[in-house]
Amino acid sequence: MTTRYMIVEELGEGAMGTVYRAVQVDLKREVALKVLHQDVQSSLNGLHRFKREVEACAALNHPNIIRILDCDEMADGCFYYTMDLIRGLDLASLAAREAPVPADRVVALMAQAADAVAHLHDRSMLHRDIKPRNVMVDDAGRLTLMDFGLVKLHERTVLTVTGQRVGTPKYMAPELFRGEPDAPARDVYGLGLTFWELLAGRLAFPERDMQKLVTIILGRGVEPISGVRSDLPAWLVDLVTRCVAIDPRQRPTALQVKESCLGRRPVTQAPVAGAPRRSTRGAGAAPAAAVVAAPRRPPSPSGRSTGPGPRSPPGPPRRLPPRQSSGRPDRRTIRPWRPRGPTRTLP
Ligand SMILES: Nc1ncnc2c1ncn2[C@@H]1O[C@H](COP(=O)(O)OP(=O)(O)OP(=O)(O)O)[C@@H](O)[C@H]1O
Ligand SMILES: [Mg+2]
């Protein structure tokens with residue numbers, strides 16, 4: 001059997017899956033490979049649905065949106081997809097390492113992120129999970145928005161599973177807790193909160209108790225960034241404050257955020273209404289509540305990744321030995337994709 005990818009090391013683990021640095025054997029190139037957790041996979045109702053979700057991401061072509069390369073099922077049935085390997089840091093790590101990040105650098109990053117989000121919104125798509133760990137910056141300062149597309153399944157998992165996998169949706173917009181429909185304004189909130197944290201160098205909501213957290217998100221909301229940093233220009237304080245407004249109608253569009261950052265001036269046009277768009281990809285039927293299938297690390301109440309965890313020591317790519325006990329194929333050995341039906345084109 002051909003081995004298409006070889007795992008080199010674990011890069012991190014989140015609510016949806018585990019990300020590895022891997023080598024695509026035939027092209028001799030490094031990629032990032034994400035293997036879905038079993039519970040997330042269960043909520044997908046099969047490989048076909050998974051591929052359909054990944055196709056939506058793969059169809060996007062934007063310099064600040066992660067490029068999806070491939071997706072399939074491993075020998076033991078775990079779903080995975082591969083994407084460009086970003087050599088850099090996610091914004092949570094950047095904030096932890098370099099706080100206080102200079103305002104000019106934050107503005108340059110925010111313009112790129114807003115451009116990526118505007119690109120999605122132009123296509124009636126939502127990201128749904130914009131947060132510091134889903135935004136990476138490479139060594140040249142280029143920003144990449146990660147994890148687009150499959151996140152609605154993740155969100156559903158977070159909200160419906162009782163047991164180990166209940167996280168804290170710290171980056172969810174207030175209107176979602178009130179049961180209001182999904183709309184682009186939720187992504188603008190995630191954008192604002194992400195850049196609030198990058199400017200502040202700390203979490204906007206350190207509260208660990210879920211009920212208290214929701215009360216704060218819906219009540220007083222995000223602390224004014226001007227109270228955390230006094231060196232920011234007024235237009236930037238105004239922009240970030242508007243993005244994280246509790247009322248979605250007060251938030252600018254992603255395009256307005258981008259223009260404001262590029263022009264270094266306040267948002268000029270009227271804010272958009274928070275009403276849902278006519279047709280928003282993926283806002284349809286909810287997947288069934290997921291089941292936690294295997295013991296894993298405890299969830300992080302911070303709502304962040306459970307962290308990169310212990311990494312394998314760096315070294316040359318290695319072929320992993322076959323699993324002895326279960327008789328099942330090694331989950332890290334990936335077999336080539338076999339078409340299972342007619343090719344599907346995106347609407
Ligand atoms: N394409 C990539 N290139 C390089 N590193 C990546 C890539 N994708 C993810 N990572 C790293 O792996 C870590 C884990 O990513 P993952 O998406 O699994 O977790 P998360 O973003 O914290 O949580 P979530 O499941 O909610 O998205 C990230 O924080 C990032 O550091
Ligand atoms: Mg992620």
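**A tour by selection**

Start with D129, which sits in the loop between α4 and β7; helices (H or I, at least four residues) and strands (E, at least two) are DSSP runs, numbered from the N terminus. This is a predicted model, in which local features need pLDDT of at least 70 and side-chain atom pairs count only at pLDDT 80 or more, while totals for chains, interfaces and linings use all residues. Residues are numbered from 1 along each chain as its sequence is written, and chains are lettered from A and ligands numbered from 1 in the order in which they are written.

Is D129 buried or exposed? D129 has 26 other C-beta atoms within 10 Å, so it counts as buried. The cut-offs are 20 or more other C-beta atoms within 10 Å of its own for a buried residue, 12 or fewer for an exposed one, and partly exposed in between, with C-beta atoms placed from the backbone.

S124 has a positive phi of about 60° and is not a glycine. With 14 other C-beta atoms within 10 Å, S124 is partly exposed. For another such case, go to K28 in the loop between β2 (17–24) and β3 (29–36). K28 is also a residue other than glycine with a positive phi, near 50°. K28 counts as exposed because it has 7 C-beta neighbours inside 10 Å.

Next, select α7 (residues 184–200). Its 17 residues should span 24 Å at 1.5 Å a residue, and the end C-alpha atoms are 24 Å apart, which agrees; the expected span is 1.5 Å times one less than the number of residues. In α7, 17 of the 17 residues are buried, so the helix is largely enclosed by the rest of the structure. G201 follows α7 and has a positive phi, near 75°.

Select W196 and show its surroundings. Leaving out residues up to four places away in sequence, W196 touches A204, V222, I225, V240 and V244; contact requires C-beta atoms, placed from the backbone, within 7 Å.

W196 is also among the residues with the most contacts inside the largest nonpolar core, which has 81 residues. Such a core is a set of buried Ala, Val, Leu, Ile, Met, Phe, Trp, Tyr and Cys residues joined through C-beta atoms within 7 Å. Helix α4 (residues 103–122) gives the most to this core, with 11 residues. Domain 1 (5–83) and domain 2 (88–263) both contribute, so the core lies between them; the domain bounds come from an automatic or database domain assignment.

The peptide bond joining A99 and P100 is cis, with omega about -5°.

Finish with the open sheet of three strands, ordered β6-β7-β8 and antiparallel in its pairing; strands pair if DSSP finds at least two bridges between them. β6 (88–90) and β8 (143–145) are at the edges with a single partner strand each, so one side of each has no neighbour in the sheet. β6 and β7 pair over three bridges, and D138 in β7 is the bridge partner of G88.

Notes. Contact = placed C-beta atoms within 7 Å.
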